[in-house]
Amino acid sequence: MSGALIAFEIVLLLPLFMATWRTSLLGLSLQGALMAWIAFRHGFHLSFAAVLAVCDLVVVRTLVAPMVLHRVLVQQNAPKRNDVIAPNLLSWTFALALVLVAFRLAAALEPAEGDAQMLIAVAVSGLLLGLLVLSTSSGPFSQIIGALRIENAIALLELGSEAHPQSLGIRVGQLAVLAASVGFFRWYLLHDGDVGAPKPEAAEEAPRSVSL
Amino acid sequence: MNPVYLSLAPALLAPGVGAKAARSVAPTALAAIAFLQAAVAVFVAFTTSGDHHLLGGYLTTDATSRLFLALVNLIFLGIAGYVWQRARTAPELANDVSRFARLSLLFMAAANYVVLSNHLIGSWIALEVTTLAAAPLIVRADHPASRRASFRYFLFSSVGLAIALLGFVCLARSLELEGRAPTFFLDQLSHLPHASNPWRRVGISLVFLGYGTKLGLAPMNSWLPDTYDEAPPSVTALLAAVQFNCALVSLIRVLQIYRADSRDLVATELLVGGLASMAVSTASIIATRNYKRLIAYASINHAGVIAIGLGIGRTAAYGVLLYVVSNAFIKAILFLTAGKIHAHYGTKDTREIGGLVKDLPYSGLFLMVGTFALLGFPPFGSFLGELIILSGLVRGQQVVVFVLFCTLIAMTFVATGRAIFPMIWGEPKRRVSWPKQTLVAALPKLVFLAALVVMGVYMPAPVNDLFRAVAATLGAQ
């Protein structure tokens, strides 16, 4: 599992330095694929729960979410470059410091060295880097990337737990919520156009209109 | 069939009521369904006793569920009444009403599930569904700012709820560490002894941070003013008075489980978060000249007071509940009134409005009474609630928090009065012709007002028993 986790960490970090929206989406897709691989290595038994896990990790996280967003950006002819964090030495150093913090935190939470500690470290660094992206970017696309990175980090941490005795209804609900969230992000990117930067706030109050 | 299941029925009725063919009857159908829902909720709240588990243990009818089920459905009845009245006076809103009916019924089914849920992840999913249903409702045609507000609302909510989910994963890990099988059922969790371990500490802090985002607690509060300002008044009332309480119930559930073993758990986080929220909102109230935003900032202030009350627990528990319920009615009254005022004057600037009492007597009256209730004046329930929380601070020897609390409340009072009172009693700035306001249109808000006064003056025994039962689960003595 360590190899997959190291690959996951690289996939988390690379899109921060290679500032194109394609890299960000590829990063998301690879995170989903690596989680699917880790889940497969954990043990795969054909069941409805396993099918749902495949739908979640492979279909939604690896394929649908990145492809849906990719299609919108291609449609809008978005410029190639998209910085998810500020392109300077300070923010890159900060990102690497967050990774170190994640590893220290994992050591505190799981003292025994091994795959379990590594998984926690990678998941926490995914979470912290997702929060970094979310807090330092103002463009809607980058913020969506930040939110989806956080979702993936939580899914990775869940993979490390023993199988929770959750009902299928709960699993279906979680999957439906994720899919609907991706749908909402797509809708917003389609309707608000500008991918890179936020539109200026309206200086004046919107014209008077009748509303509910 | 248990009548509790009827609380989930709006999800099935939503597509029919929101269909194009049903557009002409949508407002009436919405009001009728809301009335039936409120009747069922009140029936369940005051005729059910004890803790019954339904739907394979996923739902519960304990005191917390019953109190909040009645509250959110009564609020929704008021909102549906307002929408019904708006549809009658503004026929051009037919499309908006139809969309509102469809999504708000879905929203209410999910909201009812949240308050009835006996499963942490189940209630989390239902809370996400309320967010997904509310986000499109915030959007108004030809208002790009409302689209941005909707995105911001959804993004913050998603991240907040993701953090809460992460907290649940950590709590499951803490059970594994204790050698137990992870579970998310509230009744099972509440019977387990919880040993202190880092996973549990981190988990509860994350849950607090996640649900605190939904409640609009600082520092994750920046989505709230934009959203409440841009959304139509009926949707703002839905978010501020219904969804707020759903998020609060979710947080209270976690406190109910884990407080039993460790009373001071997250108390510091709750007190600090509460005071920070009050400070942020007070500064914003002083700066703003937009009355809808002012009420939104006051909501952040209220969330802060509630967090402080939950942080103290024990002696303040009853007061917190009184404050929460009063607060829901106050926000519904004020946001619906703000919608009426905006529709009348076409501005949200407090400096451009004056003499409301003469120009729009009902709206002027509701703004006046709502503001007094908002500021915690007697004889409203909010006054009594705030008083109990303050006495809890004194008994808990939280002198610094007490002083800061009183200072911030006093500043909020002055800033709110300075902005709102000239709107009510000042010289009329301009007169706009407007059809006479009817008593029927004001009825939902009058009922809310009556409830506020009743809670402050005389609490009927069955309601009091319900409050006491919920307060006991929060450690009330």
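This tour goes from the interface of chain B and chain A to a surface patch on chain A.

The model is predicted: local features need pLDDT of at least 70, side-chain atom pairs count only at pLDDT 80 or more, and totals for chains, interfaces and linings use all residues. Residues are numbered from 1 along each chain as its sequence is written, chains are lettered from A, and side-chain values use heavy atoms, without hydrogens and water.

**Stop 1: the interface.** Select chain B and chain A. Here 53 residues of chain B contact 47 residues of chain A (heavy atoms within 4.5 Å). The buried area is about 4,400 Å², with 69% from carbon and sulfur atoms; this is accessible area (1.4 Å probe) lost on being put together, summed over both parts.

Now pick B:Arg148, B:Phe151 and B:Arg173. They supply 16% of the area that chain B buries against chain A, more than any other three residues.

**Stop 2: a nonpolar patch.** Select A:Trp37, A:Phe40, A:Phe44, A:Leu46, A:Phe48, A:Val51, A:Val54, A:Leu168 and A:Val172. Together they expose about 860 Å² of accessible area as a nonpolar patch on the surface. Patch residues have over 30% relative accessible area and no salt bridge, with nonpolar side chains joined within 5 Å.

Helices H2 (21–42), H3 (48–75) and H7 (168–192) of chain A each give two or more residues. H3(A) gives the largest share, three residues. End on A:Leu168, in helix H7 of chain A.

Technical notes: Buried area is the accessible area (1.4 Å probe) that two parts lose on being put together, summed over both. Patches are made of residues with over 30% relative accessible area and no salt bridge: like charges are joined within 9 Å, nonpolar side chains (Val, Leu, Ile, Met, Phe, Trp, Tyr) within 5 Å. Accessible areas come from the Shrake-Rupley method with a 1.4 Å probe; for residues, only the protein chains shown count as cover. A salt bridge is a side-chain nitrogen of Lys or Arg within 4 Å of a carboxyl oxygen of Asp or Glu. Helices (H or I, at least four residues) and strands (E, at least two) are DSSP runs, numbered from the N terminus.
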